[in-house]
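Q: I am new to this structure and would like to go through it step by step. Could you show it first?
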Amino acid sequence: MRAMILEQPGKPLRLLDVPQPDPTPEQILIRVHACGVCRTDLHIIDGELSEPKLPLILGHEIVGTIERVGAQVRGFNVGDRVGVPWLGWTDGTCHYCRAHHENLCDNARFTGFHIDGGYAEYTAADARFCFPIPDGYPDLQAAPLLCAGLIGYRALRFCGEGDRLGLYGFGASAHIIAQVARHRGWQVYAFTRRGDSASQNFARELGAVWAGSSDEQPPEDLDAAIIFAPAGELVPAALHAVAKGGRVVCAGIHMSDIPSFSYDLLWGERIIRSVANLTRRDGKEFLQIAPEVPVHIEITEFPLEQANEALLALREGRIQGAAVLRVSHEKINRQR
Ligand SMILES: [Zn+2]
Ligand SMILES: [Zn+2]
């Protein structure tokens, strides 16, 4: 099969012909139709997340159809359309798994990091961690639901109740979560890089009541904020923008160092927390909610072979919405 391979952090991916994966009894073999490109992929390429499998096939927002099921797989059949998320496997026995925090599992294995992912024509995934994909979404639009959507949804849950929500970094995740938040009655305030009027306009089109640059104060104090951009200086900026009791949720897997700040910014029972990974419950809930909103997904598509170009465009902030690799041509055409 054709696959884009990361041989070493810091190097571009290479298009290679490699053997198809051979599924274990718990796994399904999936013909990949589409795979989202996530900022986490950049962190892995840049060596900011330690000890990836090498060589590695990146990609943890995978949509495809099942070609083969392992002997122990229940609930999925050949021909079903499925999605594969970042959480690829947990031990089910550690302290965290037993306390329903499988996202924090001590031995968790992640798709496109410890397990080969979706930048390839085929992938094998543990069926217990896969999701059926809601019917209304074509493959390319469904892919970003699986990380940008899921992790964003978990971050939104941690924002609790309130009226005014700030989103710092208006990329794939924020464009999805802005729609879910509005549906739930939040007013959305979008913060982008200074001068990024394209993203600010995009945020307004999606219903943001205000859009500006991340070093600006919003016109009203916020009740909560989610930081999607991997820039540590946004933490004190967001604390400054939230009212007493405000929540600041850091949704990225990696962030540059947070500059020191005065305790006054945290005082008044403001809260900072991170979001780590996802649980299967998050996935089930979010994939039910997305078509109810309904969440509209804006994508920029690239063929599999142009994964490096997609990653560069994401790095340079040139993607509006989500970048998605189109992997399998014939199946996608057949669905139209
Ligand atoms: Zn991701
Ligand atoms: Zn565990």
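Q: What geometry does the site of the zinc ion (ligand 2) have?
A: The site is tetrahedral, with angles of 99 to 118 degrees among its 4 donor atoms. Four donors count as tetrahedral if all angles lie between 85 and 135 degrees. The ideal angle for four tetrahedral donors is 109.5 degrees.

Q: Before we go on, what kind of model is this, and how are things numbered?
A: This is a predicted model, in which local features need pLDDT of at least 70 and side-chain atom pairs count only at pLDDT 80 or more, while totals for chains, interfaces and linings use all residues. Residues are numbered from 1 along each chain as its sequence is written, chains are lettered from A and ligands numbered from 1 in the order in which they are written, and side-chain values use heavy atoms, with hydrogens and water left out.

Q: Which residues coordinate the zinc ion (ligand 2)?
A: Asp-91 (OD), Cys-94 (SG), Cys-97 (SG) and Cys-105 (SG) do so, at 2.1 to 2.3 Å. Donors are N, O and S atoms within 2.8 Å of the metal (3.2 Å for Na, K and Ca); water is not among the atoms, so sites may look incomplete. Along the sequence, the donor residues have the spacing D-x2-C-x2-C-x7-C.

Q: Is Cys-94 buried or exposed?
A: Cys-94 is buried, at 10% relative accessible area, and Cys-97 is buried at 12%. Buried means under 20% relative accessible area, exposed over 50%, and partly exposed in between (1.4 Å probe, protein chains only).

Q: Where do Cys-38 and His-60 lie?
A: Cys-38 is in the loop between strand E3 (27-37) and helix H1 (39-45), and His-60 is in the loop between H1 and strand E4 (62-69). Helices (H or I, at least four residues) and strands (E, at least two) are DSSP runs, numbered from the N terminus. Cys-38 is buried at 12%, and His-60 is buried at 0%.

Q: New topic: what joins the side chains of Tyr-119 and Asp-41?
A: A polar contact of 2.7 Å joins them. Such a contact is a pair of N or O atoms within 3.5 Å; within protein, one must be able to donate a hydrogen and the other to accept it, and residues adjacent in sequence count only if both atoms are side-chain atoms. Tyr-119 is buried, with a relative accessible area of 0%.

Methods. Four donors count as tetrahedral if all angles lie between 85 and 135 degrees; four count as square planar and six as octahedral if opposite donors are over 155 degrees apart and all others between 65 and 115; anything else is irregular.
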